[in-house]
Amino acid sequence: MTVNAWLWIGAIAMAIGAAVQLVIGWGPRTRDVENHYLLHLFVCLAAMASYLVMATGDGAIHLADGGPNGRDFYFARYIDWSVTTPMLLLGLGLTAMHSPFRRWAALLGVLFADSYMIITGLFAGLSPVGSSQKWLWYLVSCAAFAFVYIGIWGLFREEARKTSDEAASIFRTNATILSIVWLLYPVVFLLGTEGTLFMGDVPTAAAYTILDIVAKVGYGIFSLLETKRKAARELAAGLIPEPDLRPAPGAFHEVRAPDRNEIVGGEAIEPNERPVGTRRRT
Ligand code: RET
């Protein structure tokens, strides 16, 4: 296989991932589901553009270092990551906190550390192969990565525990998958054409493409389905307040609860007045 073939595989996988998520999230939903729906959908759409620009021959520059024929440096990946990694972290943060405003400055801090990691990683990628500044930037980027992990396993985990046992358990699963998959990116960098050249351009492109498919499509679909299941349980238990329903509550009730005119607690309640949490759905 060629580098170009892997880039096309990436573009097609992201398009399929976006289409699948579009279908999964379609229809009436809760605030939580909508948050994850839009975040994961846009992650795939952003990555699709990045793979498309690389597959069609742009999105890279040719650098003279790294061997007699030089090397192609795919800067489009870094533009993709600088958009998609904060969105993935925001999704994880919302799983933990429910609301981005609970500890918004701390949440922004984690997203900032993440952007710092990608931008300094870009500097590492651009630096000449074998130069000392490459490893300086690599270390700076890894230090920022460590802060991202501290944010995930410190701040986010603490907030998830406060939210509920269920949120904490979902958070643990998602954070574990994300942490393991993300850890492999700097390893590919280290071994590939941007680092030590231990792997050639085809294995490097293959490794990044597979990682991106797992981190964006696989993880995105998993997280969205999980959020949908959680929302269904909460709806059934009557725990979702009306403002959290999408679209407008009236339209939502027509689809989900056609029996809304029943008498609750001996008193007839107008459809728009009754919060969903006041009765259990049968
Ligand atoms: C770089 C190189 C320098 C050191 C480190 C890196 C980390 C990259 C990561 C990328 C994650 C990308 C994802 C994309 C999918 O949406 C920049 C490779 C630490 C963690 C998850």
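**Group meeting: a pocket, a cavity and a helix pair**

I'll begin with the pocket. Six nonpolar, four polar and five charged residues make up the lining of the largest pocket. Before going further, note that this is a predicted model.

The volume of that largest pocket is about 250 Å³. Its lining has 15 residues, and R71, D72, Y74, T193 and D201 are the closest to the centre. Two elements give two or more residues to this lining: strand 3, residues 71-73, and helix 7, residues 201-236. Which of the elements gives the most to the lining of the largest pocket? That is helix 7, with four residues.

How many cavities of 30 Å³ or more does a search of the whole structure find? The search finds four. The largest cavity has a volume of about 320 Å³.

If you want to find the largest cavity on the screen, look for W81, M117, I118, Y185 and P186, which lie nearest its centre among 21 lining residues. Several helices supply at least two residues each to this lining: helix 3 (76-97), helix 4 (104-126), helix 5 (132-163), helix 6 (165-191) and helix 7. Helix 3 gives the most here, with five residues. By type, the lining of the largest cavity has 15 nonpolar residues, four polar and two charged.

The last item is a pair of helices. In general, two packed helices are described by the angle between their axes and the distance between the axes. Helix 1 covers residues 3-25 and helix 2 covers residues 31-55; their axes come within 8 Å and cross at roughly 160 degrees. Because of that angle, helix 1 is roughly antiparallel to helix 2. The crossing of these two helices is left-handed.

Which residues make the contact? On the helix 1 side they are N4, L7, W8, G10, A11, M14, A15, G17, A18, Q21, L22 and G25. On the helix 2 side they are Y37, H40, L41, C44, L45, A47, M48, Y51, L52, M54 and A55. Sorted by type, the contact of helix 1 with helix 2 has 17 nonpolar residues, six polar and no charged.

To recap, the largest pocket has five charged residues in its lining, the largest cavity has two, and the contact of helix 1 with helix 2 has none.

Technical notes:
Residues are numbered from 1 along each chain as its sequence is written. This is a predicted model: local features need pLDDT of at least 70, side-chain atom pairs count only at pLDDT 80 or more; totals for chains, interfaces and linings use all residues. Side-chain values use heavy atoms; hydrogens and water are left out. On a 1 Å grid over the protein atoms alone, a cavity is a set of points where a 1.4 Å probe fits but cannot get out, and a pocket is an open set with protein on both sides within 12 Å along at least five of seven lines; lining residues have an atom within 4 Å of a point. Grid points are joined across faces, edges and corners, and a volume is the space filled by probe spheres set on the points. Ala, Val, Leu, Ile, Met, Phe, Trp, Tyr, Cys and Pro count as nonpolar, Asp, Glu, Lys and Arg as charged, and the others, Gly among them, as polar. Axes are lines fitted to C-alpha atoms, for helices over the stretch in contact, and angles run from 0 to 180 degrees between N-to-C directions. Angles under 35 degrees count as roughly parallel, over 145 as roughly antiparallel, 65 to 115 as roughly perpendicular and the rest as oblique. A crossing is left-handed if the near helix is turned anticlockwise from the far one by less than a right angle, and right-handed if clockwise. Contact means heavy atoms within 4.5 Å.
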